[in-house]
Amino acid sequence: MKTQRIGITWQLTDLHGWGIFGLNVAMQLARNGPVPPLIISEPYFVGITPRIRRVLGPYLKEQPQILKQIEAQAGPAKVNEAVMLHSLGNAFLHSPISDKVRGHTNIGFIFFENGTLDNGALDRAARYDKIIAGSSWNRDFIKERGFESAAFVSQGVDLERFRPRRKAGHFPGRFVVFSGGKLELRKGQDIVLAAFRRFHERHPDALLLTNWHNVWPETFANLPLSPYVETAPQADANGSISLQKWTEANGLPAGAHIDVGPTPNAKIPEIIAEADVALFPNRCEGGTNLVAMETMASGIPCILSANTGHLDIIGDGNCYVLGRQTDVAKEIEPSGVWRESDVDEIVETLEMAYSDREDAKKRADAGVAFMRNLSWKNQTEALIAELTEYL
């Protein structure tokens, strides 16, 4: 075996999608091989757990010296014993660290939400020995543009944490609608707000419980382009934003919404457990929407927009499906790949979940069963299978 390590170039964290993805792949490599991880970038943990320390301790300890050696090189550092995984986004753009380190084989793992691929993007893609996409939609889109060897490996779910559990009862007498994902136009929190406003008028016992924290204000500055909200959240003198003030300014009464703020992934299961239904009317997902997968695995009936990466986790009655999908206005997304969910259909679906709890439970149980095959162990094994020829 020429490969002694599998390098993960991007930052591991317990706070957002890419970081959680990298963290779980590193954990599985450390536990199960076939070779251990090589952590390149400095991790950031809001609440590092004993399990992370136990499994990744030696690799976290060596990371600062590895990065120091890479940054000391005049040109790109070549790690001859490693297959290197690089994070790619829209137009195959990579993070700066990918210019500084290369393995004997370089794999681009991509999640993109923009359909514009010019010659520069295609040239960047050609720098990698293989491209792996986070959804079948991303994979097929790439294949249509000439990358026939592109593969699809979805994210996984930490089934030890995300599993059905009893409510703690923090919101007695409330019908709790959960919405998760960092606040931005693409993820459709403005649509959630528009639908929930109407639903709450009919059912004052409804509560919108959100995990919308976003530390990158530039990614939600375009929210006023939405037909449903007039403003984007404003940061205070300390750089903090109040999402509850923002939802109240856009029509929700006080007490109808709670946002949990920045929360480590290990704490999210106990928040999700309080929900009666979860709503994801996302306009586009380059991957399979990790938050939706975790929520489904937790036994919460989910409402999913039938577009892009969501299509990989819809099936066999495992959720409510938002089938009315229309084109998004060009001024919001010029490349034409996003889709708009229908607010009327969302309100109708929330009414179904509210009035027919038995049907909601059947969908929730089907969702749990569906996610059993998408553990991080299984999905890391699927990733390794795509790398076999390079190991």
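The legends below describe several close-up views of a predicted model.

**View 1**
Phe280 has Leu304 in β11 as its bridge partner. In a regular strand, the side chains alternate between the two faces of the sheet.

**View 1**

Strand β3 (residues 77–88) is mostly covered, as nine of its 12 residues are buried. Strand β1 (residues 5–8) runs parallel to β3 and is joined to it by four bridges, and Arg5 has Ala82 in β3 as its bridge partner. Strand β4 (residues 101–110) also pairs with β3 in the parallel sense, here over nine bridges, and Leu88 stands opposite Ile110 of β4.

Gln155 is found in the loop between β6 (151–152) and β7. Is this residue, Gln155, buried or exposed? Its relative accessibility is 6%, and because buried means under 20% relative accessible area, Gln155 counts as buried. When residues up to four places away in sequence are not counted, Gln155 touches several residues, among them Phe21, Phe111, Gly287, Thr288, Leu374 and Trp376. One of these contacts, Gly287, is 132 residues apart from Gln155 in sequence, although the C-alpha atoms of the two residues are 7.5 Å apart in space.

**View 2. The largest cavity.**
The structure holds two cavities of 30 Å³ or more, and about 140 Å³ of space lies in the largest cavity. This cavity is lined by 13 residues, of which Leu23, Arg51, Ile52, Arg161 and Asn265 are the closest to its centre. Helices α1 (17–32) and α2 (50–72) each supply at least two residues of the lining, and α1 gives the most, with four residues. By class, the lining of the largest cavity divides into five nonpolar, four polar and four charged residues.

**View 3. The second largest cavity.**
The second largest cavity has a volume of about 40 Å³, and the residues that line it include Phe21, Val25, Phe109, Val153, Ser154 and Trp376. Helices α1 and α11 (376–387) each supply at least two residues of this lining, to which α11 gives the most, with four residues. Six residues of the lining are nonpolar and three are polar, while no charged residues are present.

**View 4. The second largest pocket.**
The second largest pocket has a volume of about 270 Å³. Its lining consists of 16 residues, and those that lie nearest its centre are Ala275, Gly299, Ile300, Pro301 and Lys361. The residues of this lining divide into seven nonpolar, two polar and seven charged.

Methods:
Residues are numbered from 1 along each chain as its sequence is written. This is a predicted model: local features need pLDDT of at least 70, side-chain atom pairs count only at pLDDT 80 or more; totals for chains, interfaces and linings use all residues. Side-chain values use heavy atoms; hydrogens and water are left out. On a 1 Å grid over the protein atoms alone, a cavity is a set of points where a 1.4 Å probe fits but cannot get out, and a pocket is an open set with protein on both sides within 12 Å along at least five of seven lines; lining residues have an atom within 4 Å of a point. Grid points are joined across faces, edges and corners, and a volume is the space filled by probe spheres set on the points. Ala, Val, Leu, Ile, Met, Phe, Trp, Tyr, Cys and Pro count as nonpolar, Asp, Glu, Lys and Arg as charged, and the others, Gly among them, as polar. Two strands pair if DSSP finds at least two bridges between them. Buried means under 20% relative accessible area, exposed over 50%, partly exposed in between (1.4 Å probe, protein chains only). Contact means heavy atoms within 4.5 Å.
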